[in-house]
Amino acid sequence: MYLSMVVPCFNEEHGLQRLRDALVEALAGHVREYEVILVDDGSTDRTLSEARRLSEQDPRFRYVSLSRNFGKEPAMLCGLRHARGSRVAVLDADLQHPPGLLPRMLVLLDTGYDQVVARRGRSGEGAWRTALSRIYYRLARRALDVRLHDGAGDFRVLSRRAVDALLSLPEHHRFSKGLFAWIGFETGQITYRNVPRETGESRWRLSALVDHGFDGLISFNDTPLRPAIYLGPVIAGLAGSLACRRQPGMAGLLALGGVQVFLLGVLGEYLGRSCAESRRRPHYLVKECGPIRAQLPDGHR
Ligand code: UDP
Ligand code: MG
């Protein structure tokens, strides 16, 4: 098997046929042998029946359906576990990751890379989202021990070696952007223009984006804990000097309280994270798949 394509799908009933046509057209004449793994992430619309229909029509299309909506990260992991190809592409179902780029990405991969990422520009995107992303990547550059690049997301092709490396990472809270960077290997990139979603709607509300971003910051190191070490003595000194000037006013108290609550929150995040990891629950549960046999998540891979 030359190429597996992993496509996480949540409520994409109107987009799957179009995705299929676009993939078949993009790969014709470039890739002879491939499979497409549609991972239905507990959709509440007719995504699963669409996936079944496509797999009956075209044996290269397979699907796995999860028992509920687990989120894009677990859905992607599920697809990667089922992929049998010597190269694996990951792309969204909504055609925002243009399948037409795949042949170029594969050619680049074969020049000696283990990952090729397609980086997108931010044209046509909401102003707040662009601004938030800029701030985030600036912050991430300072705080993380892996390098994240703006616009370099999950649209990639990976060598078998890179896929196996990703599958060997057992963590429960997965932040793929960071994991792709963490595994290393030579990474090539191409760039493309952002295209708006054609059908359905994005699941990323502002709060979900902020949560996801925080996941990334917390998942990769303990830098966010460090302010406690520096801030503690500074605050104590500040409180001392306020007391000396007989100004133990509300402002000082509030500032102190705020910092404490913030740091408690950060600590709590790490604690919650380690609880979730120690439970060792599977990342997802499979409800149905066809025509592939389910690879049971073993909680360790
Ligand atoms: N997705 C998923 N599970 C979810 C949310 C999204 O599998 O809980 C899939 C979705 O069907 C799409 C991809 O992840 O194929 C990206 O989602 P979306 O388009 O909502 O994100 P955006 O493009 O806005 O970042
Ligand atoms: Mg999208």
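Does Gly184 count as buried or exposed, and how many C-beta neighbours does this residue have inside 10 Å? Gly184 has 12 such neighbours, so the residue counts as exposed. Gly184 sits in the loop that runs between helix H7 and strand S7, the latter covering residues 187–192. Gly258 lies 74 residues away from Gly184 in sequence, and the C-alpha atoms of the two are 38 Å apart in space.

Now the overall picture. This is a predicted model, so please take what follows as computed from that model. The protein has 301 residues, and 30% of them count as buried. Ten helices and eight strands are assigned. Along the principal axes, the C-alpha atoms fill a box of roughly 80 × 35 × 35 Å.

Next, the domains. The assignment gives domain 1 as 3–206 + 282–289, and domain 2 as 219–279. Their C-alpha centres lie 38 Å apart. Nine residues from domain 1 and eight residues from domain 2 make up the contact. On the domain 1 side, the residues that touch domain 2 are four nonpolar, three polar and two charged.

On to the core. In soluble globular proteins, nonpolar side chains tend to be buried together. Here the largest nonpolar core holds 51 residues, and the members that touch the most others are Met5, Val6, Val7, Ile37, Leu38, Val39 and Val88. Take Leu38: leaving aside residues up to four places away in sequence, Leu38 touches Val7, Cys9, Ala51, Phe61 and Tyr63.

Helix H6, residues 160–167, is worth a slide. Which residues of H6 are buried? They are Ala162, Val163 and Leu166. These residues cover an arc of only 100° around the axis, which means that they lie on the same side of H6. The elements covering them include helix H3, strands S4 (87–90), S5 (115–120) and S6 (152–159), and helix H7 (176–183).

Last, the ligand. How many residues surround ligand 1? There are 17, and the closest are Pro8, Phe10, Asp41, Ala93 and Ser202. Strand S1 (3–9) and helix H3 (72–82) are the elements that give two or more residues to this shell. By class, the shell divides into six nonpolar, four polar and seven charged residues.

Note on methods. Residues are numbered from 1 along each chain as its sequence is written. Chains are lettered from A and ligands numbered from 1 in the order in which they are written. This is a predicted model: local features need pLDDT of at least 70, side-chain atom pairs count only at pLDDT 80 or more; totals for chains, interfaces and linings use all residues. A nonpolar core is a set of buried Ala, Val, Leu, Ile, Met, Phe, Trp, Tyr and Cys residues joined through C-beta atoms within 7 Å. A residue is buried if 20 or more other C-beta atoms lie within 10 Å of its own, exposed if 12 or fewer, and partly exposed in between; C-beta atoms are placed from the backbone. Two residues are in contact if their C-beta atoms, placed from the backbone, lie within 7 Å. A residue is near a molecule or strand if its C-beta atom, placed from the backbone, lies within 6 Å of it. Helices (H or I, at least four residues) and strands (E, at least two) are DSSP runs, numbered from the N terminus. Ala, Val, Leu, Ile, Met, Phe, Trp, Tyr, Cys and Pro count as nonpolar, Asp, Glu, Lys and Arg as charged, and the others, Gly among them, as polar. The arc is that of the directions from the helix axis to the C-beta atoms. Domain bounds come from an automatic or database domain assignment.
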